[in-house]
Every structure is written in C-alpha cells, then in structure tokens.
Amino acid sequence: MTAAPHTAAPRPLARSAQDRWLARRRWARAAWLYAFMLVMSFVFLGPFVTGALSSVKDNPNEYPPSLKIPQLTPQYIARAWSLGAQGSGDGWQGGLTPGRSVTFDVTVASPAGAPQAPPTVALFPYQPVSLVATTRLAQARDYAQVRVQPTGQTGNARRYRVTVTSPVLTKQTGETVRAVLTAPDANLRARLRGGQVVPVMLDTPEAQARQYDLNEGQPVELVRGPAGYSLRGPLLERTPLQVDVQRGQAITGSTLPPSDRQNFGRSFAFRNVTPGLLGYTLSNYRRAFNETRDPKSGRSLFLSWVTNSFTYAFLRVAAGILFCSLAGYALARLTFPGRTLIFFSAVLFVQMVPSQVNLVSNYVLLKDLNLLNLWGLWLSGLVPAGGVFLMKQFFEGMPRELEESAAIDGAGTFTTFLRVMLPQAGPALIALAITQFQGAWNDFFWPLVILRDNASFTLTVGLSNFRELYGGQGDYGLILAGAVLSAIPVIILFVVFQRYFVDTGADSAVKG
Amino acid sequence: MQRRQTSAAWLFLAPFLITVAVFFFYAFARAAYYSVTDFNLFNTPKVIGVKPYADVLGDPSFRRALGNSLVFAVLTTALQTVGALLMAVALNRRLRGLTFFRAAWYMPSITSSVVITLIFLWLFQRRGVANYVITQAQAYAPLTLTFLLFLIGVQVTQVLLERRRALPAGWFDPALGVTSALLATAVTAALAWIGVISAREVPPFDYQYFADKWITLGGVRILSIPLLVVVIQNTFTTIPTLMLFFLAGLQNIPRALYEAAEIDGATPWQQLTRVTVPMLRPVTFYVVTVGLIGTMQMFDQVAVIGSAAPGDTLITLAYYVYANTFKAGAAPVNLASAAAILLAALILAMVAAQRRFFPSEAS
C-alpha cells in the first residue's frame with residue numbers, strides 16, 4: 001500500500017531511478033484518486049445543482065437545457081430591478097401600479113426586401129394556472145396601455161421603445177393607500193392595512209366599467225379623499241408583453257431576454273416586463289408562496305407547510321431527547337427483569353417491521369381520538385426505537401465509575417441520570433437531535449396518512465401535491481423551487497453538524 | 001436497591017413502552033385481526049378466516065406489487081452494496097480534503113426522498129436533462145471513441161516500453177495513465193481541430209421513461225422502466241452513505257494483512273476478494289440487512305410519482321397497503337392488512353435467512 005502522497009515530497013538528493021519511478025507512481029495515483037473524487041462529486045451533486053439552477057428559469061423544461069441563465073446574469077438582474085422600480089417603485093417585488101409607466105426596448109432587424117414595419121406589441125393575459133387556489137387577479141392587458149416609438153437605427157436594425165402605462169382610475173387626489181378587496185355586497189369594499197373595511201367609490205366611467213371584473217383578494221390602490229376612498233386602480237403583479245414581427249424580420253435584442261420564442265423566432269413573449277428582482281430571479285420561489293394562497297384565509301399554504309414541518313421537527317427533537325435518553329439509559333444501565341426481552345421486542349423488532357402494518361390501526365385510532373393533525377402525528381412517533389437504540393449504545397460505552405461515585409454520595413437513580421449521565425451525553429444528544437430533525441423533516445409516509453387537510457400538511461406532503469397539481473402540465477418551475485426550498489434546512493443542518501452525521505452513521509455500522 | 005432500580009427503570013421506560021405498546025404492538029395485533037375479518041373501515045368486523053389472504057394472493061395487482069418489491073429490493077441492495085464497496089476500496093487512502101468531498105457525496109442521502117424523486121422526475125422527462133445528456137453522448141461518440149482508442153493504444157505502448165526497461169509496470173500504471181490520457185486528449189483535440197473527426201448530428205433522444213414499458217425475461221415482465229429509474233435513484237442516494245460505512249470498516253483492517261498478502265504475491269484482485277471482502281463481513285452484513293429492510297418498504301417514490309407512471313409499473317407492497325386502505329368508498333382494509341402482514345413476514349424471513357446463511361462474525 002502506498003503512503004500518504006504529501007509525505008512523499010521529492011528530496012533534492014540524488015536517488016535511484018527505482019525510487020523516483022515509485023514516487024512518480026504514487027503522485028499519479030493520488031492525482032487519479034482526486035480526479036475520481038471530483039467526478040463522483042459531480043455525479044452526486046449534479047442533479048441538485050441542475051435542479052437548483054433550473055428552478056430560477058422561466059421555463060425549466062427548455063430544450064436543449066442551457067446553463068446560460070439570464071436570471072443569474074448580473075446585467076439582466078439589474079435591468080429586472082430597474083424595470084420593477086419603474087413599474088411600482090419597488091425594485092424587489094416589481095409589478096405595475098396605477099399612474100406609472102415602464103419603458104422596454106426591442107431591436108428588430110429588417111433586411112432589405114423584408115417588411116420595414118414596426119413590431120406588433122400587445123399585452124397578453126398570463127396567469128399561471130394555480131390549482132391550489134383559484135383567485136383570478138386583474139390582468140395588465142385589461143388596464144394598461146401600450147405605445148411603440150422608434151428610437152433609432154443602426155444598419156438594418158431598428159430600435160423601438162415600448163411604453164406600458166397603467167392609468168389612474170380616479171379624479172380624486174389625496175393620500176394613496178393600499179388595500180385588498182373583500183367580498184363585495186352592493187358596493188365594492190376593501191380591507192385596509194390595519195384591518196379596517198371601507199367602501200370603495202368609483203368616480204370615473206373607466207373605474208365603473210371595471211366594477212365587476214375585480215375579484216375578492218385583489219390588491220388595489222385607493223385614494224383617500226374628503227368623501228372617502230376611491231379606486232385608483234388594481235396593483236398588477238406582472239406585465240406580460242408579446243412582441244411579434246413579420247416574416248423576414250427578426251428580433252435581435254430586448255431589454256430582458258424573452259421567456260418564450262415562438263413562430264420561428266418572430267414572436268417573443270415576455271412573461272413579465274416589470275419583474276423586480278424577486279419576480280425575476282426568484283419568480284418560481286415567489287410563485288410557490290403566492291400561488292398556494294388559501295382562498296378562505298388568504299394565508300399562503302406553502303408557508304403553512306414550512307411552519308408545520310418546523311413545528312413537527314422541533315417537537316420530535318424535544319420528545320426524542322427527553323424520552324429516548326431516559327429509555328436508552330434504563331436499557332443500558334439499570335438492571336430489572338425483562339430488560340433483554342424489551343430490548344429485542346421493543347427496540348430491534350420494531351425497527352424491522354414495516355410501518356404499513358400499523359397503518360390501519362393508527363389511522364383509525366387517531367381518527368377516533370380526533371387527532372388527525374400534527375399532534376397525532378407527533379404522538380404516534382413520540383419515542384422512536386432507533387433513537388432509543390442510539391442512546392443505549394452511547395450509555396453502554398460510558399465508564400461506570402461516575403455512577404458508582406454518585407451512588408456512594410447517596411444520589412437516587414433519577415438524580416444520577418440527570419446530574420451525572422445526561423451532562424456527559426452531549427455528542428450523542430446532538431447526533432440524536434440531528435437524526436430526529438432530519439427524520440421528521442423528511443418524513444413522508446405518516447404525514448401523508450395522518451394529515452388530511454391541506455393547511456395542516458408538512459412540506460413533503462405539500463410538495464407531492466405540487467407534483468400532482470403542476471407536474472401534469474409540465475410546470476416544473478414551482479416544483480423545483482419547492483424542492484430546493486425544502487432541501488435547504490437539512491443542508492444547513494448538515495453543513496453545520498457534518499461531523500455528527502458522519503461519525504454516528506459509520507460507528508454504528510462498524511459495531512453492527 | 002434492586003427494587004428501587006426496577007421501579008425507576010419502568011418509570012424511565014414508561015413513555016417509550018406506552019407509545020410502542022399502543023402504536024406498534026396493539027396496532028400489529030389489530031392488523032393481524034383485521035386480516036382475518038371482513039373489515040372495510042365502516043362495518044363491524046366479523047371473522048371470516050384466511051379468505052383475505054387467499055384473496056390477496058389471487059389479486060393480480062398484489063402479485064405485481066410483490067414482484068416489483070422483490071425485484072426492486074434485490075436489485076437495489078445488490079447494486080448499492082457492490083457499488084459502495086468498490087468506491088470505498090478505490091478511496092481507501094489517507095487523502096487530504098476528504099471532508100469536503102464527503103460533504104458533497106452526502107447530499108443525496110440527507111435530503112428527503114420526496115425532493116429527490118421530484119428532481120428525478122424532472123430529469124427523466126421526455127425532453128429532460130437525462131435524455132439531453134444521452135443525446136450529447138451520442139453526438140460526441142466519435143470523439144470519445146477516438147480518445148479511448150488512443151488512450152488504450154498509448155498506455156499499452158508505454159507499459160511495454162517500461163517493461164523492456166525491466167520496470168514492473170502494471171497495465172493500469174497510474175503515472176503512465178496520466179501521460180496516456182494527456183496524449184490521447186491532445187490527439188483527439190488535434191483531430192477535431194483539423195476536422196478529421198467531429199460531433200455527429202443526432203436527433204434528440206426522447207425516450208419516455210415513465211411509460212408502460214417492461215424488461216421481460218422469457219415473456220415474463222420482470223422490471224418496468226419507471227421502476228428502473230427508481231432503482232437508479234435509490235442506488236444514487238444510498239451509495240455515498242454505504243460507501244462511508246465501508247470506508248470506516250476498511251480503516252479497521254490491519255495493514256499487516258495486506259502486507260502479508262503482497263509478500264505472498266497476491267494480485268490487487270486477490271487482495272480484494274481474499275482479504276478485503278472477508279474482513280468487511282460485519283459491515284456488509286449490516287449494509288445488506290438495512291438495505292433489504294429499507295428497499296422492501298419502498299413507498300415514498302411510488303406515492304410521489306403517482307399518476308405520472310402508468311398502472312402497475314411502480315406499485316410496491318407498501319403502496320398496495322396504503323392504496324387499499326384509502327380506497328374511495330368501502331376500502332378493502334382486510335386485504336390491506338393481510339398484505340401488510342405478508343410484507344412484514346417477508347422482511348423478517350429475509351433478515352432471518354440472511355442471519356442463517358450468511359453468519360456475521362460480529363454477531
């Protein structure tokens with residue numbers, strides 16, 4: 001076997017050719033190994049990295065898949081920011097607010113002999129089909145106006161400036177406030193930031209024409225005048241723009257790259273020309289939160305899933321640390337009749353039997369107890385046998401002297417455990433906490449069985465719902481974004497506590 | 001003293017024992033009971049004997065699930081164990097920076113199966129990244145083949161030259177390999193530059209993985225393509241973890257054994273089969289046991305892929321139990337329970353058989 005490569009540093013002294021030959025082989029072998037490890041890293045990280053990179057794309061299914069991602073290019077991110085700031089004053093969220101306008105540049109090449117007409121520009125309705133909740137929000141097409149002006153020419157390429165303006169729907173002037181429309185009765189009503197519901201006046205014919213188009217949940221801007229609140233206009237989340245040129249012409253440049261190219265490159269669709277940074281680079285992530293809004297409560301389901309997953313994981317960790325260490329200690333150190341039987345039946349046997357065996361009974365039991373929720377989920381997996389096993393192994397490895405001296409001092413069993421043994425168990429408890437957190441966060445079967453209402457799902461169950469709802473239409477942006485988000489906590493945990501992940505696993509394997 | 005310890009022990013164990021009793025033993029007993037009744041979640045169960053077992057065994061969907069589960073468990077366990085062992089042997093050197101690589105390899109095994117399944121579903125679409133990679137491999141095949149051809153040619157020449165100089169170079173000599181690889185790369189690049197060889201034009205490879213396609217053996221459907229994707233996925237996620245188990249085991253093998261083998265003139269292959277594999281028996285036993293228990297219960301991937309893969313291509317025993325328990329209307333819970341009991345029996349039998357026929361020196 002070869003020695004470590006770094007100890008085989010060449011000495012300046014003359015050596016036999018044989019020695020040099022061997023040293024060269026050693027170095028070369030190390031080089032091959034590092035190359036192999038690098039390739040392996042590519043293989044094992046590849047799917048995640050491609051998934052994460054594609055999750056920021058407008059269309060993660062683009063073919064051929066490209067690693068030139070405008071959403072990650074500083075130049076385009078800056079433009080997205082500035083467009084968002086033009087459209088709404090908010091470079092993060094973007095959008096189009098009443099009274100603002102956005103300019104977007106397009107370059108069209110028209111060779112001699114081809115039509116020289118300016119491109120046809122229109123807003124188009126685009127709202128990704130949201131199946132979790134179906135609030136139809138106001139579309140830019142129904143409100144905003146588009147204007148095209150030529151701005152210059154170099155060779156046969158003409159530059160055009162597209163201006164999108166969202167009009168103000170009121171003549172009133174005064175302080176502008178934001179609100180969300182509530183369920184309408186005879187009048188339009190809106191809930192202000194503070195929770196106050198006020199009637200909304202429509203003082204222009206343009207506004208009145210829109211009265212029945214605006215749905216509950218639509219964010220709007222209001223003007224507070226002396227007589228009350230009047231509608232200034234809806235807050236448009238995105239501004240989808242389509243640019244078409246004629247046969248023979250070609251679109252050669254635009255402020256942002258298009259989301260879709262169709263019609264042999266003669267038709268460019270921009271899903272949002274007022275994206276803002278979040279609406280551009282993190283568009284799919286924002287969608288994951290925004291498009292899962294529960295129509296009843298207005299809460300984001302995705303956010304609830306994240307909260308539920310965290311709650312469940314922390315509850316599991318707390319219960320695991322307390323009960324697994326108690327049980328593990330008893331099995332490792334206390335002598336009592338039935339110890340071996342308990343170890344074999346309740347610790348080892350339990351881990352071999354598939355959970356599907358307990359499915360029916362646990363489901364029916366928790367249903368009868370009205371516990372088909374997070375608490376029932378927690379209760380059914382309160383003290384995992386694997387954790388008990390881990391703590392038993394750990395306590396068995398600790399020296400007995402500690403307890404004996406505690407016993408001489410007259411400490412009771414519980415005091416000994418709490419004051420003497422538990423403080424020594426730090427590393428094992430960390431390992432236990434990590435495995436419990438990871439286990440709970442990644443748990444899928446029991447949450448799927450026990451959690452029946454979509455607001456009480458954990459992230460894993462929610463994501464598998466995403467697959468059902470969006471996967472069928474090939475809308476993978478949201479799915480990948482959700483998957484990346486749900487992987488992040490465990491990855492952070494792993495990076496911070498890497499030592500414990502690796503050590504515990506390998507140790508128990510060697511011990512068998 | 002003894003009595004006090006006994007009562008303390010029961011107190012310490014109480015939360016554990018109570019939950020295990022309620023959510024495991026009671027549940028197990030109830031499943032066993034339901035499996036011999038006509039229970040359907042809504043009626044009062046009545047004992048009808050072993051009919052549910054007969055019904056389950058006669059159910060084509062159950063047989064498919066059984067076949068899928070067994071094929072999946074055996075194939076995945078075998079692939080991941082052998083793969084992990086080979087990787088561990090290749091990496092069993094004291095190298096710097098292993099921690100960094102270890103972190104990278106661990107990524108698949110720490111993230112949830114749901115996340116990985118979603119990513120794999122996306123990768124293995126008809127116009128997905130997997131097919132794109134295959135298309136590219138086909139397109140660049142002339143270059144790759146040229147490279148390999150020159151690599152082998154140059155390596156063989158070099159080794160023969162070294163041997164003529166009476167140096168004991170092996171066919172896979174690493175130092176010569178580096179020069180051969182560099183030379184082959186240069187030649188391939190030069191040939192591509194002057195246009196002798198170039199990438200081919202190939203139509204996009206658009207194989208549909210999640211379809212009703214099967215690998216058959218003598219007309220019997222053995223393995224469906226969607227299940228094969230899940231096999232690949234599972235192997236991919238578990239290999240790194242198992243490899244680290246093997247690596248830990250390898251570090252415990254005394255160096256002296258290899259030195260003795262080398263003195264006796266054992267080839268690297270003989271060292272692997274005569275020293276490494278037997279010495280790794282306890283770890284292998286653990287890895288295979290855990291692998292079988294885990295893969296026989298495969299559920300998450302099937303549930304997440306759900307309707308994306310047609311019909312029976314992916315159904316496993318665990319999923320069969322779940323699907324029958326939550327079937328709309330009067331669910332055949334007795335069949336589900338019978339299938340669950342059979343699944344448990346199968347796993348326990350596998351573990352027992354393994355213990356019986358492949359005794360581990362550690363136990």
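Is A:Gly152 buried, exposed or partly exposed, and what is its relative accessible area? In this predicted model, A:Gly152 is found in strand β3 of chain A, which covers residues 145–154. The relative accessible area of A:Gly152 is 25%, so the residue is classed as partly exposed, given that buried means under 20% and exposed over 50%. When residues up to four places away in sequence are not counted, A:Gly152 touches A:Ala157, A:Arg158 and A:Arg159. The C-alpha atom of A:Gly152 is separated by 74 Å from that of A:Leu369, a residue 217 positions away along the chain.

At the level of the whole chain, the domain assignment divides chain A into domain 1 (15–53), domain 2 (70–282) and domain 3 (301–511). Between the C-alpha centres of domain 1 of chain A and domain 2 of chain A, the distance is 52 Å.

Three cavities of 30 Å³ or more were counted, and the largest cavity has a volume of about 240 Å³. This largest cavity is lined by 19 residues, of which A:Asp58, A:Arg271, A:Asn272, A:Gly279 and A:Ser283 are the closest to its centre. Two or more residues of the lining are given by each of the elements α5 (276–280) and α6 (283–290) of chain A, and α6(A) gives the most, with five residues. Sorted by class, the lining of the largest cavity comprises seven nonpolar, six polar and six charged residues.

Key. Residues are numbered from 1 along each chain as its sequence is written. Chains are lettered from A and ligands numbered from 1 in the order in which they are written. This is a predicted model: local features need pLDDT of at least 70, side-chain atom pairs count only at pLDDT 80 or more; totals for chains, interfaces and linings use all residues. Side-chain values use heavy atoms; hydrogens and water are left out. Domain bounds come from an automatic or database domain assignment. On a 1 Å grid over the protein atoms alone, a cavity is a set of points where a 1.4 Å probe fits but cannot get out, and a pocket is an open set with protein on both sides within 12 Å along at least five of seven lines; lining residues have an atom within 4 Å of a point. Grid points are joined across faces, edges and corners, and a volume is the space filled by probe spheres set on the points. Helices (H or I, at least four residues) and strands (E, at least two) are DSSP runs, numbered from the N terminus. Ala, Val, Leu, Ile, Met, Phe, Trp, Tyr, Cys and Pro count as nonpolar, Asp, Glu, Lys and Arg as charged, and the others, Gly among them, as polar. Buried means under 20% relative accessible area, exposed over 50%, partly exposed in between (1.4 Å probe, protein chains only). Contact means heavy atoms within 4.5 Å.
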